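Please keep the sequence and the structure in view while reading.

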Amino acid sequence: MDESSSELCDPPLILFLGQVGKRKGTFDLIRAVALLSENFRLVIGGDGELQRAQMLSEELGVSDKILFAGWLGKAEKDHLLARAAIFVLSSYHEGVPMAILEAMSWGIPIVTTPVGGRGGNGRTRGPTGKLW
């Protein structure tokens with residue numbers, strides 16, 4: 001991570017933390033970015049199929065919207081969590097995702113898929129949210 005915090009906050013930061021690959025829905029997340037015209041920056045933190053994900057972002061013309069940060073240490077992860085506007089986890093298979101629990105502890109709004117124990121309605125510090 002070599003970008004300053006001001007660059008990560010403007011445009012708004014959407015954060016994904018996890019294994020980069022099909023099981024975590026990373027490629028679908030990149031495809032979703034290509035459908036959006038809003039101004040934001042997606043940071044993908046984690047290891048796995050980084051080269052494949054980067055190639056897909058280039059093919060779809062969204063490499064300027066996505067930062068592939070690789071595996072993050074605690075300080076780097078905390079730096080991003082403190083600045084994230086939204087946390088996203090697009091998994092197809094999941095048990096109890098620690099990344100979501102961590103994002104919740106920072107009070108970050110979460111967009112996720114209804115797998116594992118996360119389906120249905122949830123309530124955290126504020127209004128009820130809907131998982132879909």
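## The setting of Asp78

Asp78 counts as buried because its relative accessibility is 17%, and buried means under 20%. The model in which this value was computed is a predicted one. Asp78 belongs to helix 4, which covers residues 74-83.

The side chain of Asp78 forms a polar contact with the side chain of Lys74, at 2.7 Å. Leaving aside residues up to four places away in sequence, Asp78 touches Glu102 and Trp106.

## Strand 2 and its two sides

Strand 2 comprises residues 41-45, and five of the five are buried, so this strand is largely enclosed by the rest of the structure. In a regular strand, side chains alternate between the two faces of the sheet. In strand 2, Arg41, Val43 and Gly45 point one way, whereas Leu42 and Ile44 point the other way; all are buried.

## Neighbouring strands

With which strands does strand 2 pair in the parallel sense? One of them is strand 1 (residues 13-17), which pairs with strand 2 in the parallel sense over five bridges. The chain passes from strand 1 through helix 2 (residues 26-35) to strand 2, and this β-α-β crossover is right-handed. Within this pairing, Leu17 has Gly45 of strand 2 as its bridge partner.

Strand 3 (residues 66-70) also pairs with strand 2 in the parallel sense, over four bridges. Here Leu42 stands opposite Ile66 of strand 3. Together with helix 3 (residues 50-59), strand 2 and strand 3 make a β-α-β unit that is right-handed.

Methods. Residues are numbered from 1 along each chain as its sequence is written. This is a predicted model: local features need pLDDT of at least 70, side-chain atom pairs count only at pLDDT 80 or more; totals for chains, interfaces and linings use all residues. Side-chain values use heavy atoms; hydrogens and water are left out. Buried means under 20% relative accessible area, exposed over 50%, partly exposed in between (1.4 Å probe, protein chains only). A polar contact is a pair of N or O atoms within 3.5 Å; within protein, one must be able to donate a hydrogen and the other to accept it, and residues adjacent in sequence count only if both atoms are side-chain atoms. Contact means heavy atoms within 4.5 Å. Two strands pair if DSSP finds at least two bridges between them. A crossover is right-handed if, with the strands pointing away from the viewer, the path from the first strand over the helix to the second runs clockwise.
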